[in-house]
Amino acid sequence: MDANQQCYRKIIIENSNDNSKVNGWKHDRSKSRYRNVFDLIDFDPGNPLSLCELGYGSGYGYHLLSKRFKGMEVTYTGYDYHEDYFNLATKRYNGDFRLGSFKDIEDGVYDYIYAVGVFTLNRASRLLPYFIEQMNSMLLKSKKGIIINGFHKGADCQESQLFYFDLNNLILCFSKYNVRLVVVEEHKHEFFMRIVKHY
Ligand SMILES: C[S@@+](CC[C@H](N)C(=O)[O-])C[C@H]1O[C@@H](n2cnc3c(N)ncnc32)[C@H](O)[C@@H]1O
């Protein structure tokens, strides 16, 4: 178990209806976070789309996805390495939830791989390289690209338990790839980033 995983181990889910016991993670914002991520997915109604989520938590994002893409040819697979969340999500929803980390995601299967609230906690040591490793892996494994969110250093007041990216540095990390990058900033401290592969 790595340091980041240990950090999530401390979270107690007992009687929780959501992810609100995750430090600094406000469930009431989850809805708009997912909406922003879904807005960044280019969906062509004529073509099927396969999506993979890293870190589904309670599975609430799957629920929102099902409503948003109702009746459309969109498939969902989720990975979360926390057993409690696996149990919670599978109890609540009938999505394809799997227990595993980014390393378990199959190669070349999903159009987009996205993560909401996964690169946000400031607990593990050497966190930035670990986050970048995960994002790189997600990008390489996806067919089209990835969508992620996070907090950035432009924030006026920063909470110690949250991780703040230097956005320019993060963008530079992907300059070695032939990709197109879209960054949407929100509330002065949060960003949503879509990284799409060029063909
Ligand atoms: C703050 S919660 C966010 C949950 C949900 N995405 C949301 O926005 O409501 C982060 C979730 O990501 C999972 N997670 C973090 N890093 C992960 C990794 N490398 N592989 C799999 N799951 C991960 C945690 O177990 C936790 O359930």
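## Strand pairing and core of a predicted chain

In the hairpin of S7 and S8, three residues lie between the strands, and His187 among the residues of this hairpin takes a positive phi near 50°. The two strands, S7 (residues 179-186) and S8 (residues 190-197), run antiparallel and are joined by eight bridges. Within this pair, Leu181 stands opposite Ile195 of S8.

The model is predicted. Its mean pLDDT is 86, and 84% of the residues reach 70 or more. Residues 3-25 have pLDDT below 50, and this stretch makes 35 contacts in the model beyond near neighbours in sequence. Where pLDDT is low, the predicted coordinates should not be read in detail.

**Overall make-up**

The chain has six helices and eight strands. Along the sequence they follow the pattern α-α-β-α-β-α-β-β-α-β-β-α-β-β. Of the 199 residues in the chain, 32% are buried. Among contacts with a separation of 6 or more, 67% are between residues 24 or more positions apart.

**Parallel strands**

Strand S1 (residues 49-54) pairs with strand S2 (residues 74-80) in the parallel sense, over six bridges. From S1 the chain passes through helix H3 (residues 60-68) to S2, in a right-handed β-α-β crossover. Leu49 has Val74 as its bridge partner in S2, and Cys52 has Thr77 as its bridge partner in S2.

S2 also pairs in the parallel sense with strand S3 (residues 96-99), over four bridges. Here the chain goes from S2 through helix H4 (residues 83-92) to S3, and this β-α-β crossover is right-handed. Gly78 stands opposite Phe97 in S3.

S1 pairs with strand S4 (residues 112-115) as well, in the parallel sense and over four bridges. Cys52, already paired with Thr77 in S2, stands opposite Ile113 in S4.

| Strand pair | Sense | Bridges |
|---|---|---|
| S1 and S2 | parallel | six |
| S1 and S4 | parallel | four |
| S2 and S3 | parallel | four |
| S7 and S8 | antiparallel | eight |

**The nonpolar core**

The largest nonpolar core has 34 residues, and those with the most contacts inside it are Ile113, Tyr114, Ile146, Ile147 and Ile148. S4 supplies the largest share of this core, four residues. Ile113 is also the residue of S4 that Cys52 stands opposite.

Leaving out residues up to four places away in sequence, Tyr114 touches Val37, Leu51, Glu53, Ile146, Ile147 and Ile148.

**Gly150**

Gly150 lies in strand S5 (residues 145-152). Is this glycine buried or exposed? Gly150 is buried, because 23 other C-beta atoms lie within 10 Å, and the cut-off for a buried residue is 20 or more. Apart from neighbours within four places in sequence, Gly150 is in contact with Phe119, Thr120, Phe165 and Phe191.

Gly150 and Glu190 are 40 residues apart in sequence, with their C-alpha atoms 5.7 Å apart in space. Glu190 belongs to the residue range of S8, the strand joined to S7 by eight bridges.

How values were computed: Residues are numbered from 1 along each chain as its sequence is written. This is a predicted model: local features need pLDDT of at least 70, side-chain atom pairs count only at pLDDT 80 or more; totals for chains, interfaces and linings use all residues. Two strands pair if DSSP finds at least two bridges between them. A crossover is right-handed if, with the strands pointing away from the viewer, the path from the first strand over the helix to the second runs clockwise. A residue is buried if 20 or more other C-beta atoms lie within 10 Å of its own, exposed if 12 or fewer, and partly exposed in between; C-beta atoms are placed from the backbone. Two residues are in contact if their C-beta atoms, placed from the backbone, lie within 7 Å. pLDDT is the predictor's confidence in each residue, from 0 to 100. A nonpolar core is a set of buried Ala, Val, Leu, Ile, Met, Phe, Trp, Tyr and Cys residues joined through C-beta atoms within 7 Å.
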